[in-house]
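Q: Could you walk me through the side-chain contacts here? I am new to this one.

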Amino acid sequence: MSQYVAAIDQGTTSTRCMVFDHDGRVVSADQREHRQLYPRAGWVEHDPLELWANTREVAAGALAKADLTAGNIAAVGVANQRETTVVWDRFSGEPVCNAIVWQDTRTAEVCTGLGGSTGAARYQHRTGLPLSTYFSGPKIRWILDVVNGARQRARNGELCFGTIDTWLLWNLTGGPSGGLHLTDVTNASRTLLMDLDTLCWDEGIAEEMDVPVSMLPQICSSSEVYGTVREPAALAGVPIAGILGDQQAATFGQACLSEGEAKNTYGTGNFMLLNTGTDKVHSLNGLLTTVCYKIGQQDPVYALEGSIAVTGSLVQWLRDNLGLISSAAEIEPLAATVADNGGAYFVPAFSGLFAPHWRSDARGAIVGLTRYVNRGHLARAVLEATAFQSREVLDAMNADSGATLTSLKVDGGMVGNELLMQFQADILGVPVIRPVISETTALGAAYAAGLAVGFWSGAQEIRANWVADRQWDPTMDLQRREELYRQWRKAVTRTLDWVDG
């Protein structure tokens, strides 16, 4: 009997493969970073061929580290950075250009044009999403408009579109030699092209965006056997049985499987999801309505999501662009050299502001600077920006759901930063709980795949695997908390209308 399930987690900054046992414990893992390409201000790209090469390497590496073969693996799941867009030739497998990353803002004019007199809400009732540079549909439109010959090739049926899950699945199952062109409902729900009610491509929206439906992948559930791996050889013959966008995967890995449960992932950006059950809740407060997951033939489960573009990547920016620290781990001790932010607030609107503002005209700002502010205060302001942005989203979530969250499950790379986690609990006024396995994105993809092949029997086994590791309780008094938050909101107003419309 196969003892393990593998998950490929293709994220914004790296690709990794993790192998899990039946208790959800990590057996082995391998990881590779990839290049971040910035050809112009506001443009962010990845090389799709580099992502695929890294996927092959980490899959082989993870199995080799535990001396495993494909025969030991019951299934493989895929989690991925969601809105990042690849268009490639279905006969050669060559991308027509680099992948346009979810953070990229080049499609601002496309979005404005599509909105017309209605504005950003034009497709929101059908798709759950505002017109924004964040999502895939406008990125496809831009590629077809700008890449020489691409539109005609797309109309001729020569080109495929996919988010990264689709690109990897196509290559894993044979590429030009019979590769499967599929996606799951969670990733399809991030394109601005899928109807949330029917879970099918909305041909009317696709026509208005001038995106040929023939280039779109087939939409499947998040947990079913799609096909088997042909490459890399290390996983050959293993069923591919789970696909979830990374934030939905983290929600699944956190066992937020009941209505009203929420998690917040601290990664390149922050993403808070609230399970709303089989009911779609249309936000009145700047959140997204999205598919949380769909298991086989079961009814889809929906979520409210608050997406924040820049959190962990702000620490990376402090390291790489300013040289204020030499490694990400240095930010916590540097921030701990001061008792507070010294009056400085950092609003990292590098790609505009996502939830709950949705302002593409915003740009980053550091405000409240005086001669008193030093490196420690700036480091602390960087960390606090993550917590303040999460407070904005939580407030919107409480307003939309009509209920007040009493605790928050957290995961992702930044949850090892205890100063940040304590400040997060303080500024939210609720306990913050970290699980034993904090990197839950890969685990969620593994769960989806394992459920499809019977490795796990159902939700109860997944819930039983979830174990708390650490809890931070709020210690800040209400007056102090609200004063800091008031100043943060004032700082946000200073970033608006920076880009002329």
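The chat below goes through charged pairs and then aromatic rings.

A: This is a predicted model, in which local features need pLDDT of at least 70 and side-chain atom pairs count only at pLDDT 80 or more, while totals for chains, interfaces and linings use all residues. Residues are numbered from 1 along each chain as its sequence is written, and side-chain values use heavy atoms, with hydrogens and water left out.

Q: OK, how many salt bridges are there?
A: The count comes to 34 salt bridges, a salt bridge being a side-chain nitrogen of Lys or Arg within 4 Å of a carboxyl oxygen of Asp or Glu.

Q: Where do aspartate 30 and lysine 65 sit in the chain?
A: These two meet in a salt bridge with an N to O distance of 3.0 Å, and they link distant parts of the chain, since aspartate 30 belongs to strand β3 (residues 26-33) and lysine 65 to helix α1 (residues 48-65), 35 residues apart. Helices (H or I, at least four residues) and strands (E, at least two) are DSSP runs, numbered from the N terminus.

Q: And is lysine 65 buried or exposed?
A: Lysine 65 is exposed at 57% relative accessible area, whereas aspartate 30 is buried at 7%; buried means under 20%, exposed over 50% and partly exposed in between, with a 1.4 Å probe and protein chains only.

Q: What about glutamate 231 and arginine 56, how do they meet?
A: Their side chains form a salt bridge at 3.6 Å, N to O. Glutamate 231 lies in the loop between β11 (223-228) and β12 (239-245) and arginine 56 in helix α1, so this pair ties together parts 175 residues apart in sequence.

Q: Switching topic, how many aromatic pairs are there?
A: The structure holds 21 aromatic pairs. Rings of Phe, Tyr and Trp (its six-membered ring) pair if their centres lie within 6.5 Å, and planes under 30 degrees apart count as stacked, over 60 as edge-to-face and the rest as tilted.

Q: Which kind do tryptophan 43 and tryptophan 142 form?
A: Theirs is edge-to-face, with 5.4 Å centre to centre and 85° between the planes. Tryptophan 43 is buried at 16% relative accessible area, and tryptophan 142 is buried at 14%.

Q: Which charged end sits over the ring of tryptophan 43?
A: That of arginine 106, 3.8 Å from the ring centre, and the charged end of arginine 106 also sits over the ring of tryptophan 142, 4.6 Å from its centre. The rule asks for NZ of Lys or CZ of Arg within 6 Å of the ring centre and within 35 degrees of the ring normal.
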